[in-house]
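This report describes the fold of one protein chain and then a few of its residues. The sequence and the structure come first.

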Amino acid sequence: MTDPLTCLRMYNTNKKEIIFKDNYILFGDLYWPETVNTNFLKFGSGKDGAPKEYYTLQCLLFLLNNVTLAHPAYVQHAVAKNIPYIKRPDRKKLLDYLNGKISTSPSIDFSAPIEIPSNIVSVPLPI
């Protein structure tokens, strides 16, 4: 089974095409809604009894597509597009993971609930 974070990392490191269609993100035959949570914890969440919060697939992909922007410009661009942004303390370790420089991160919550992807062959995109 695969999860959106692992799938994004695999497609990014192998330079495979990731497709946006309507409100879905497609990785070959697999797809998730763009707002699906990944298992990458947001900085500071889950501490001292606070609930755990996770980055969405959409905001991770938005960072990858805007990685050349300085962090303040990236945040402004994300806010203007109404997309949640990556917090500065998470940026480097997240990019290192998504680019294959590190194999894991303490911010990856392996106990997080993961949404199973749909398969375009068996479940066509709801359009």
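From the N terminus on, the elements of the chain run α-β-β-β-β-β-α-α-α-β. In total the chain has four helices and six strands, where helices (H or I, at least four residues) and strands (E, at least two) are DSSP runs numbered from the N terminus. The radius of gyration of the chain is 14 Å, close to the 14 Å of the globule rule for 127 residues, so the chain is as compact as a globular protein of that length. That radius is taken over C-alpha atoms, and the globule rule is 2.2 Å times the number of residues to the power 0.38.

The model is predicted: local features need pLDDT of at least 70 and side-chain atom pairs count only at pLDDT 80 or more, while totals for chains, interfaces and linings use all residues. Residues are numbered from 1 along each chain as its sequence is written, and side-chain values use heavy atoms, with hydrogens and water left out.

Along the principal axes, the C-alpha atoms fill a box of roughly 40 × 30 × 30 Å. Buried residues (under 20% relative accessible area, with exposed meaning over 50% and partly exposed in between; 1.4 Å probe, protein chains only) make up 41% of the 127 residues. The chain exposes about 7300 Å², of which carbon and sulfur atoms supply 54%; these areas come from the Shrake-Rupley method with a 1.4 Å probe. For contacts (heavy atoms within 4.5 Å) between residues at least 6 apart in sequence, 57% join residues at least 24 apart.

An open sheet of four strands has the order β1-β2-β3-β6, with antiparallel pairing. Its edge strands are β1 (19-21) and β6, each of which pairs on one side only. Two strands count as paired if DSSP finds at least two bridges between them. Two of the pairs are listed here.

| Pair | Residues | Bridges | Direction |
|---|---|---|---|
| β2 and β3 | 24-27 and 30-33 | four | antiparallel |
| β3 and β6 | β6: 118-119 | two | antiparallel |

L30 takes part on both sides of β3: F27 stands opposite L30, and in β6 the bridge partner of L30 is N119. β2 and β3 form a hairpin with two residues between them, and G28 in the turn has a positive phi of about 65°. Helix α2 (residues 57-65) lies across β1, β2 and β3 and runs at about 70° to β2. Such angles run from 0 to 180 degrees between N-to-C directions, with axes fitted to C-alpha atoms, for helices over the stretch in contact.

Strand β5 (residues 54-56) holds T56. Why is T56 classed as buried? T56 is buried because its relative accessible area is 12%. Leaving out residues up to four places away in sequence, T56 touches E34, T35, V36, N37 and T38. A polar atom of the T56 side chain lies 3.2 Å from the backbone nitrogen of C59.

N82 is found in the loop between α3 (71-80) and α4 (88-98). N82 counts as exposed because its relative accessibility is 68%. C-alpha to C-alpha, N82 and C59 are 10.0 Å apart in space, and they are 23 residues apart in sequence.

Definitions and conventions: Polar contact = N/O pair within 3.5 Å; in protein donor to acceptor, adjacent residues only side chain to side chain.
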